[in-house]
Amino acid sequence: MIVVAGEALIDLVPQGTGALAGLQPALGGGPYNTAVALGRLGSRTAFCSRVSRDAFGEALVDRLRREGVDVSAVQRGAEPTTLAVATIDAHGSAAYSFYVDGTADRLFTAPAELPERTRAVSFGTCSLVLEPGASAYEELLRTAAAQGVFTALDPNIRAGLIPDADAYRARFKSWLPSVSLLKLSEEDALWLGGTPQEWLAAGPSAVVITQGGDGLTVFTRDGSVHSVPGEKVDVVDTIGAGDTVNAALLHGLSARDALSSEALTGLGADGWTRLLRFAARAASITCSRAGAEPPYAHELDG
């Protein structure tokens, strides 16, 4: 079981240009997209979050069920669903503003235990920023790591939600001893400061940096660096691309029985190259269609 912990929300995606363009609601949230992508790839997946009982919340949970994701660890609340208003630039890149006050996912509490046979837990995005839920997710991260469970972190920075950048950067560094695999974008890395080598020294066994259309690079604790180019594709938008990378990495590591810090170091050049190419191809398919629509396993065969 791969558990994805974090928020589920509604993306409001503009259907035209200008500030008053019509907005189409879409199911989303970085961790939510990762769980959906894992389900589509065929990994046994559970989602761990707190979701509203409103109509949006019901739609979010229903989709997880349809994608084969276990929702037994999803907490429910009467508060409204978080809304994220997207803007898409000429290159298909998405930026967001958020409506988060008093929403259900902020009131997440750490579960007493993880689902049975949990091999990995993935964290990231808004859920690690917005209190009081952020402290609960942080508690879950540290507990899982202490129990020897593989942990993955994608900070997926949303700067507009972070009131004190320096405090968040310090908190990010405090998570690293509990992280097995750190994945982040070039933009995230620049915002956070530091280097892959500094982050590796603090805890993770591997750091994967996404570089948009230019591909992905992994830095490992033994000093190795491996890169693959991006897949050429006509980009519709980039919504969910990074989340698809998260899912593809976790799915690929699970398939290789490599969900451990020691196994990450032992993948070698060929193993990492194959894994990164798989993730790049999965992300390219997501970018080729509107919204967070990650590929199914059969779309990646061969």
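Predicted model: local features only at pLDDT ≥ 70, side-chain atom pairs only at ≥ 80, totals over all residues.
The lining of the largest pocket divides into 19 nonpolar, 19 polar and 11 charged residues.

**The largest pocket**
- The volume of the largest pocket is about 1,200 Å³.
- Its lining counts 49 residues, and those that lie nearest the centre are Ser185, Glu187, Thr238, Ala241 and Gly242.

**Helix 7 with helix 9**
- Two packed helices are described by the angle between their axes and the distance between the axes.
- For helix 7 and helix 9, the axes come within 8 Å and the crossing angle is roughly 145°.
- The crossing of helix 7 past helix 9 is right-handed.
- On the helix 7 side, the contact is made by Ala241, Thr244, Val245, Ala248, Leu249, His251, Gly252 and Leu253.
- Their partners in helix 9 are Leu275, Leu276, Phe278, Ala279, Ala282, Ala283, Thr286 and Cys287.
- By class, this contact has 12 nonpolar and four polar residues, with no charged ones.

**Helix 3 with helix 4**
- Helix 3 (residues 133–146) and helix 4 (residues 165–175) have axes that come within 11 Å and cross at roughly 25°.
- Angles under 35 degrees count as roughly parallel, so helix 3 and helix 4 are roughly parallel to each other.
- Helix 3 brings Ala134, Ser135, Glu138, Leu141 and Arg142 to the contact, while helix 4 brings Arg171, Ser174 and Trp175.
- The residues of this contact are three nonpolar, two polar and three charged.

**Backbone details to check**
- Glu131 and Pro132 are joined by a cis peptide bond, with omega about 5°.
- Pro132 sits in the loop between strand 8 (120–124) and helix 3.
- Arg117 has a phi near 65°, which is a positive value in a residue other than glycine.
- The loop between strand 7 and strand 8 is where Arg117 is found.

Methods: Residues numbered from 1 in each chain as written. Heavy atoms only, no water. 1 Å grid on protein atoms, 1.4 Å probe; cavity = no way out; pocket = protein on both sides within 12 Å on 5 of 7 lines; lining within 4 Å. Points joined across faces, edges and corners; volume = space filled by probe spheres on them. Nonpolar A, V, L, I, M, F, W, Y, C, P; charged D, E, K, R; others polar. Axes fitted to C-alpha atoms, helices over the stretch in contact; angles between N-to-C directions. Helix = DSSP H or I, 4+ residues; strand = E, 2+ residues; numbered from the N terminus. Left-handed = near helix turned anticlockwise from the far one by under 90°. Contact = heavy atoms within 4.5 Å. Parallel < 35°, antiparallel > 145°, perpendicular 65-115°, else oblique.
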